[in-house]
Amino acid sequence: MADLDKITLDIIENALRNTRHEMDAVLFRSAMSPVIREQHDGFPMICDPQGRMVVGQFGSYIAGFIQQWRRGIAEGDVFLVSDPYSCRGAISHINDWMVLLPIFYDGELVGWGSQFGHTVDVGGPVSGSLPTDATTIFGEGMRIPPVKLFDRGKLNEDVLDLILTNTRVPVMNYFDLMAIVAACRTADKRVRELCDRFGKRTYLAACEALLDRTYRAMSALIEKNLPTEPVSFEDYVDDDGRGNGPFKMKLTIWREGNVGYFDWTGTDPQAPGPINFLLNEEMFKMFIGVYLIMVFDPQILFNDGFYPLLRVKIPEGSLLQPRFPAALGCRTHALARLFDVLGGALGRQAPELSTAAGYGTSPYLLYNGYDENGEFFHLMEITYGGIPGRPLGDGMDAHSWWPLFENIPTEYLESYYPITVLEYGSLPDSGGAGYHRGGNGVHKVYRFEVDGEIAVHDDRERSQPWGILGGLPGQSSSKLLVRADGKAEPLPSKISQVAVRKGDILIYRTAGGGGWRDPLDRPVEWVLKDVRNGLVSREKAARDYGVIIVEKDGRLAVDQQRTESERARKKRERGDVPIFTFGPEPEPIGVVREWRSTRALTQSDEPAHV
Amino acid sequence: MGYRLGIDVGGTFTDLLLFDEETGRMVLAKVPSTPADQSIGVLNGIEKVAALAGIDPAEIDLVLHGTTVATNAVLEEKGARVGLITTRGFEQILHVARSQTPGPLAGWIIMQKPDPLAPLHLTRGVSARMNARGEELVPLDEEEVRRLICELRDEGIQALTVSLINSFANPAHERRIRDIAQEICPDLPVTISTDILPEFREYERTLTTVMNSYVRPVMSRYLTGIERKLHDARLAPTVNIVRSDGGVMSLDGARAKPVNTLLSGPSGGVVAASYIGELAGYKNVLSFDMGGTSTDVAISTGGEPRIVRETRIGYYPVKAAAVDVRSVGAGGGSIAHVPITGALRVGPQSAGAEPGPAAYGAGGTEPTVTDANVVLGRLPPRLLGGEMQLDVEAARRAVARIGDALGLSVEEAAQGIIDIVNENMFGALRLVSVQRGYDPRDFALVAFGGAGPLHANALAQLSGAWPAIIPPTPGVLSALGFLHSDIRNEFSQTVIRTLDRIDASEFAQIFAALDEQARRWLEGEGIPAERQALDYQIDVRYHRQGYEFPVRVHPRQFASEEGLEKFVADFKEIHERNYGFNIDSLIEIVNLRVVGIGLVRKVELQRVAPDRTSLEEAMVETHRAYFGGKAMETPIYDRDRLRPGHIVRGPAVITQRDATTVILPEHYGQVDEYLNILIYPDGKGR
């Protein structure tokens, strides 16, 4: 690092940070599918020549790719991959198309730009390529192993034709793919500009130093935040869409010196259905780091530098490390639950700094068919839910837990798809009570305007998002299909290929977030405000908050005296509050019931590579 | 021929610039702002500038006023109690918003979300419903509407907003609700969404409309106050209010649509920068306005500021035409710190005006960008023409803390602070240039604001935007921009249609209707036909893309095949520039728009004839300053004594009352006939 001073390092850090945002801007503005464009399901990254992430969100998988790839890497190449099993889960279902672009300067590899985005359809038996009943990845759709989309700058049209032929929406996917490539080219251009400006050696030294900076920060964080004795936390994914569940995810954490151990032993075996999450070890390390660093120096560039400080064990054949060719399409529930479990495990050490659990998945609605003009349409919408109660305040109502995702405007939906949104807001009372309450879940009512087929993807239908330090759990999710003739059919949280007729109505509700700390201490004026705003009912105010609200001269007001005695009584009867408050444990169904009953005989998941 | 007056009300000072229409003379005045009631400062200023010019204030016949009344009401949450009527089932539209939480992962943990500007308990849903084609699904129930309006009235709302789903396609329900509301409460200001923004995407349209209602009573009170005070002073100038897009509108216009004034202040600077650039011979300019707490940057091409249709005011994305200004939390008062990761960070925290940088000697101890400039000798110890003495030792003590944390000397630490803040500002410049497909090397950089001229040379170096132009009065540029503003308003209609389905005669009809609205508005603003101009635009994108670009068109362009082809070519060129690719896919039209413009007579800066004053006569003294780690004897010049033709070689510091300009080693500043300083690298220039 001879020619690298600290200031240059900071300047390069700033420049890379700006580039990342520029990549996002290019992608979101030029992509075509609403999932990427309006909802922002796409993620950028810039890596060093060895493939370690210098800036980005998900941690790098490029090192693994470089090890595997045998056909050479040249200037002008652009790689495309969508098969999770070909990249050790760096992307975790086949809808995510990931582009990797090696960046060359003076003929030498100086880094990588990468971006992936969720494409709307990649073939297979079900429109949207997320069948809830798939049992292998072959039943989901097209897998793209690592291929050269551009070979030394030349578009590989054969590959392009092949993959576009295998999707129901070739134009949209083409657009999205080119937008992803354009974002990677932005990284390419900016990194080469930095080499122009500071020299190649300095740039590379800066990448190294940035990795080192995160290493040092994380080292301190691990010593401060991880327990020396193992602590465990467990939570559930409801079911696998094939009548089996719930699936337990269990994480045990501890530290030895400045090295943190994260062990998933005790997690249930892989599911027959498609909810398996092929968890990439590096990606999981990244999630841990992000969680810890948020409180520390939020301006820091998260990168891969701290990986040597973390040891991860994920048992083979478990929900988080399924064996090929297990189905993976609906892995979003386990991915989200991972954060609940991680937060819970870390929270045992410092619960007052931790948050409760949230709606805990990315709920989707898919709807396809032929519109009035006989044209095929395919809609995929991601909805959101209740954000957990947090030290800073209430969880937001009907907001996205993933960063930067947005909802699709109703006027956009109704302009482009044969659908009418009759109601859209948050569901009163669905957030768990707390000093800071959990956010309410989404309440959305759709009417289908032509015959077609829908799919629903959600979770937290059987288990509830837990509360912390006396905060109560949030309400679970539900779906109700009301036929045009008035007959109502509850739908399970995971189902695809449900035939709908013109005029059918779907009531779509996602889970609320858990509460943070004791609801009996929540200031009465906050409770009153929620009731006046229609976010909490008077009944819930009395039941969970002990706040008695009465009508006085046509206005709602708090009965102070009764509230005081009610709160005192409730506290007395309840006693001390636990760290975590869970809903009732879901009853086992399907094959999981059998595993549970034979569990004692087969449990031998000793850490292998910790 | 009388006088035209530009007034820019800032947080600390109110700037006034008086222009003599006959002689072209300009007179400048600065008075303290009066935040509690800005109109007091304005009137004080009018008196002062008239006295300085030796004229009777009554001779001023046109006042162009930039105001932050609306912006402050939003940022300080001091707007009206707004009621909202929306579609039943969507009562939480502002509360749920776009559901977005900030990045990175887990960013929701630290998100701060303000309450809706129209509170939930003052929001009501009506059962009426249109579909996206504008067909009525559920008719309006007038009894229900009356009941809801009475409920809101009894809740004591001060303004009412009506915004219904799909009203962009058919505003009939909204209009009828407005009529009923006016019948029931004749004094209540009612705003309907299709009057403010008849474009699709319900959240942004509702928010923008509610924001209009939120600031309407405040703005109305303020404007009435100005009118009364002027009347009491026996003054009767025409007063125009500056809009966020750099145009101006009448007091009545501002009363009805104050949402269009949220970036009133910054827009003046951008317009002026583009004018200054043109005077100096550059039609493409980056404007760079660096103040105490933040820096605003924007872009002008072909002599016109780039206008965007969405801008962010605090948390809120407001859809109203505005100059494309990007703001970063980097200014003279930005504080440097070293977190535990050992990085050097500058801002976004700021020492503000109080206590301010350590060097101001007002109790500040945090190391700021200003302190770094003092340590490096780029800000000489005496500021404001000798009125203010800087505390060099305090600045060194503050900056030394950064040096200690990083193991650097105090000068190295100071240089680091400057480099980092420059890089942050360069990031913002890139957002408005490179990210929009413009190469900053094709632009000149116009620097203003209190700290702009200090950093202009370095920013030009980073971006390659030469020359860096320092206007003669960098501290009051916005007011100059106001003098230049045309009267302007937009009229639009959403028509979502792929190109293969458009009907040329229908488009001509829509444009004719918008045309009619624009002309009627211009007449209402008192603009005679010969000074009216109309600009036609169509927002267009590829089918189902999420963002559209405005393409300038001729209203009957679609009647011919060539016209259609030109339209496609124009769109593809813009798409290519912004995204770097095009595709063989359907093109889709989204909005038709007519911009009505009332042209004002342009202000002209006077040329100054060269005289015999030598450069040596402008030099005040030399002192020691640091550049690139080396101490150099650096001459300090008095800007007032610089004359056209003077060439100032760097390193040099040029002081004037409202700003200090730095010219780096191996650069030179050339004074042009308008007394602009144009900074170039040695060996480059004209």
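**Figure 1. Chain A as a whole.** Chain A has 13 helices and 24 strands. The model shown is predicted. Along the principal axes, the C-alpha atoms of chain A fill a box of roughly 80 × 65 × 60 Å. The radius of gyration of chain A is 25 Å, which agrees with the value near 25 Å for a compact globule of 610 residues.

**Figure 2. Burial and contacts inside chain A.** Chain A has 610 residues, and 60% of them count as buried.

**Figure 3. Helices H5 and H6 of chain A cross.** Helix H5 of chain A covers residues 170–198, and helix H6 of chain A covers residues 200–225. Their axes come within 6 Å. The crossing angle is roughly 120 degrees. On the H5(A) side, the contact is made by A:Leu194, A:Cys195 and A:Phe198. On the H6(A) side, A:Lys200, A:Thr202 and A:Tyr203 take part. By type, the residues of this contact are four nonpolar, one polar and one charged.

**Figure 4. Chain A meets chain B.** Here 66 residues of chain A are in contact with 59 residues of chain B. Several elements of chain A give two or more residues to the side that touches chain B. They are helix H1 (6–30), H5, H6, helix H7 (281–293), helix H9 (410–416) and strand S14 (419–426). H1(A) gives the most, with 12 residues. H5 and H6, the pair of the previous view, are also on this list. The side of chain A that touches chain B divides into 33 nonpolar, 16 polar and 17 charged residues.

**Figure 5. The domains of chain B.** Chain B is divided into three parts: domain 1 (75–221), domain 2 (265–485 + 650–686) and domain 3 (487–598). Domain 2 is written as two stretches, 265–485 and 650–686. Taken over C-alpha atoms, the centres of domain 1 and domain 3 of chain B are 28 Å apart.

**Figure 6. Domain 1 touches domain 3 in chain B.** Four residues of domain 1 of chain B are in contact with four residues of domain 3 of chain B. On the domain 1 side, three of these residues are nonpolar and one is charged. That side has no polar residues.

Key:
Residues are numbered from 1 along each chain as its sequence is written. Chains are lettered from A and ligands numbered from 1 in the order in which they are written. This is a predicted model: local features need pLDDT of at least 70, side-chain atom pairs count only at pLDDT 80 or more; totals for chains, interfaces and linings use all residues. Domain bounds come from an automatic or database domain assignment. Two residues are in contact if their C-beta atoms, placed from the backbone, lie within 7 Å. Ala, Val, Leu, Ile, Met, Phe, Trp, Tyr, Cys and Pro count as nonpolar, Asp, Glu, Lys and Arg as charged, and the others, Gly among them, as polar. Axes are lines fitted to C-alpha atoms, for helices over the stretch in contact, and angles run from 0 to 180 degrees between N-to-C directions. Helices (H or I, at least four residues) and strands (E, at least two) are DSSP runs, numbered from the N terminus. The radius of gyration is taken over C-alpha atoms; the globule rule is 2.2 Å times the number of residues to the power 0.38. A residue is buried if 20 or more other C-beta atoms lie within 10 Å of its own, exposed if 12 or fewer, and partly exposed in between; C-beta atoms are placed from the backbone.
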